[in-house]
Amino acid sequence: ERYVNVNILPQLFFSQKLVAKMLQRKNRSAIVNLSSQVALLDGMQYLSLYGATKAFNNLLSLSLSREFRSKIDCLSLCPGSVATPLARQYDISESAGLNPATLASNALNALGHDKQTYGSLRFSFETPIINAFAAFPPTSWIQDFVISQVKDKLKRKRQ
């Protein structure tokens with residue numbers, strides 16, 4: 001329920017409220033919806049609900065882009081890890097995540113040209129590689145190992 005309340009309902013609400021007003025404007029308007037790289041993966045263990053809600057965000061954005069293409073530029077932003085306070089909470093280093101200002105700048109540069117962007121060339125290369133490795137059974141032990149490391153770090157932080 002939390003994932004739906006945080007990741008889906010706000011985009012539905014604002015899309016419904018703002019699109020009608022945007023269509024009445026003389027000039028073009030723009031919408032940037034935040035999705036995630038996880039939405040474009042072929043499934044990720046332990047992230048199924050999050051990935052499903054972000055896939056919804058991506059599809060909503062692509063659909064709005066087609067439906068209102070004559071008046072509204074709509075972009076689905078699907079980044080990987082971004083260096084935010086939340087990422088730092090999970091010990092994801094600044095170097096592992098993309099700088100938020102860089103991501104925003106890249107998204108604005110894509111607006112009006114693309115319907116979907118990773119926000120970074122690095123993320124655009126990562127996704128097909130992750131999907132390719134996910135096709136092989138041994139990746140489940142890799143995912144299990146990574147997840148166990150994250151759980152251990154969280155456990156140590158709580159102590």
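Q: Which residue forms a salt bridge with Asp 73?
A: This model is predicted. A salt bridge needs a side-chain nitrogen of Lys or Arg within 4 Å of a carboxyl oxygen of Asp or Glu. The closest N and O atoms of the pair are 2.6 Å apart. The partner of Asp 73 is Arg 28.

Q: How many residues apart are Asp 73 and Arg 28 in the chain?
A: The salt bridge joins Asp 73 and Arg 28. Asp 73 sits in strand 2, residues 72-77. Arg 28 sits in the loop between helix 1 and strand 1. The pair links distant parts of the chain, 45 residues apart.

Q: How many salt bridges does a search of the whole structure find?
A: The pair of Asp 73 and Arg 28 counts as a salt bridge. The search of the whole structure gives a total of 1.

Q: Is Asp 73 buried, partly exposed or exposed?
A: Buried means under 20% relative accessible area, and exposed means over 50%. Asp 73 has a relative accessible area of 22%.

Q: What kind of aromatic pair do Tyr 3 and Tyr 50 form?
A: The structure has 2 aromatic pairs. In the pair of Tyr 3 and Tyr 50, the rings are 6.3 Å apart, centre to centre. Their planes stand at 65 degrees, and over 60 counts as edge-to-face. The pair of Tyr 3 and Tyr 50 is therefore edge-to-face.

Q: Which helices do Tyr 3 and Tyr 50 tie together?
A: Tyr 3 and Tyr 50 are 47 residues apart in sequence.

Q: What is the angle between the ring planes of Phe 13 and Phe 14?
A: The ring centres of Phe 13 and Phe 14 are 5.2 Å apart. Their pair is edge-to-face, and that label needs planes over 60 degrees apart. The planes of Phe 13 and Phe 14 are at 80 degrees.

Q: What is the relative accessible area of Leu 12?
A: Leu 12 lies in helix 1 and belongs to the nonpolar patch. Patch residues need over 30% relative accessible area. Leu 12 is partly exposed, at 36%.

Key. Residues numbered from 1 in each chain as written. Predicted model: local features only at pLDDT ≥ 70, side-chain atom pairs only at ≥ 80, totals over all residues. Heavy atoms only, no water. Patch = residues over 30% accessible without salt bridge, like charges linked within 9 Å, V, L, I, M, F, W, Y side chains within 5 Å. Areas by Shrake-Rupley, 256 points an atom, 1.4 Å probe, with all protein chains shown as cover. Helix = DSSP H or I, 4+ residues; strand = E, 2+ residues; numbered from the N terminus. Buried < 20%, exposed > 50% of the residue type's maximum accessible area, 1.4 Å probe, protein only. Phe/Tyr/Trp six-rings, centres within 6.5 Å; stacked < 30°, edge-to-face > 60°.
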